[in-house]
Amino acid sequence: MMDNTAASITPIMEHASQLLAKMDYLGCEDRCLQAMSIACSQDKWADYARILLPLQEARRQRRMTAAEGVVRLGTTDLPGNPVPWLRRLNPGCIVVTHPHTARTADQLAQAVRRQSLYVEILFADNAASVGQWVLRSFAGPSVACVVDAPPRQWIDAWLNPPAARQEPAPADQTAKQPADWFLDACEALGDAALAEVNVPMGDRRRVRLLERCLRVVTDHEILHQTLGQAARALQATPQRQQSG
């Protein structure tokens, strides 16, 4: 394990920038998280805030790559072991539903990290057949929100991207696709996580809470921006005034 007290942020972020330029978004993300941990341990809040910019971009690109792949909204008839699902999902997005659990979603997320895949995961704590879905976190703080279920024809099916289906584009170019539903659901859950943060600016606990919220929806844009604001506020606050 790296000694954060002696580690230098600069070479790590130089490598992160190189990986971002090479479109290795997962590698860039890992380096940014490593550098953020060091910056936090050394109270280098200006550096911390700057690191968030390439991290947010890497995660945005990861999300876009996943959204261009296969989408699966509901897992009613899928087998209990989720790892084989990934054969259909790289890249892709999936909402895990009953009879599977939050533990299933977490097992899937761990497999995604081990295999370095572009796969986004949500957990809905309900049967796929109901009219409203309860999105619930499976990592980070306990957060939930309710959204309208996706259209019936999208549920419990492997939905290939339009280009792969070789279908003509819809006449209404604004018509939502399954990936749009998934991304809107991510946004709603991330907003719910952010709403739970009530620690004031200039308090170190706000940074810790926002970091935990980013485990709920790792690519939530406003959460990244809010975390950057919290870090910059710490930079401007005398250390003796920072709590916890």
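Modeller: Let's go through the strands and how they pair. This is a predicted model, where local features need pLDDT of at least 70, side-chain atom pairs count only at pLDDT 80 or more, and totals for chains, interfaces and linings use all residues. Residues are numbered from 1 along each chain as its sequence is written, and side-chain values use heavy atoms, with hydrogens and water left out.

Colleague: Which strands pair with β2, and in what sense?

Modeller: Strands here are DSSP runs of E, at least two residues, and helices runs of H or I, at least four, numbered from the N terminus. Two strands pair if DSSP finds at least two bridges between them. β1 (residues 70-73) runs parallel to β2, joined by four bridges, and β2 (residues 92-96) pairs with β3 over five bridges, again in the parallel sense. Take Cys93: its bridge partner in β3 is Glu120, while Val71 has Cys93 as its partner in β2.

Colleague: How does the chain get from β2 to β3?

Modeller: Through helix α4 (residues 102-115), in a right-handed β-α-β crossover. Right-handed means that, with the strands pointing away from the viewer, the path from the first strand over the helix to the second runs clockwise.

Colleague: And why is β3 largely enclosed?

Modeller: In a regular strand the side chains alternate between the two faces of the sheet. Buried means under 20% relative accessible area, exposed over 50%, partly exposed in between (1.4 Å probe, protein chains only). In β3 (residues 119-123), five of the five residues are buried, so the strand is largely enclosed by the rest of the structure. Val119, Ile121 and Phe123 cover one side, Glu120 and Leu122 the other.
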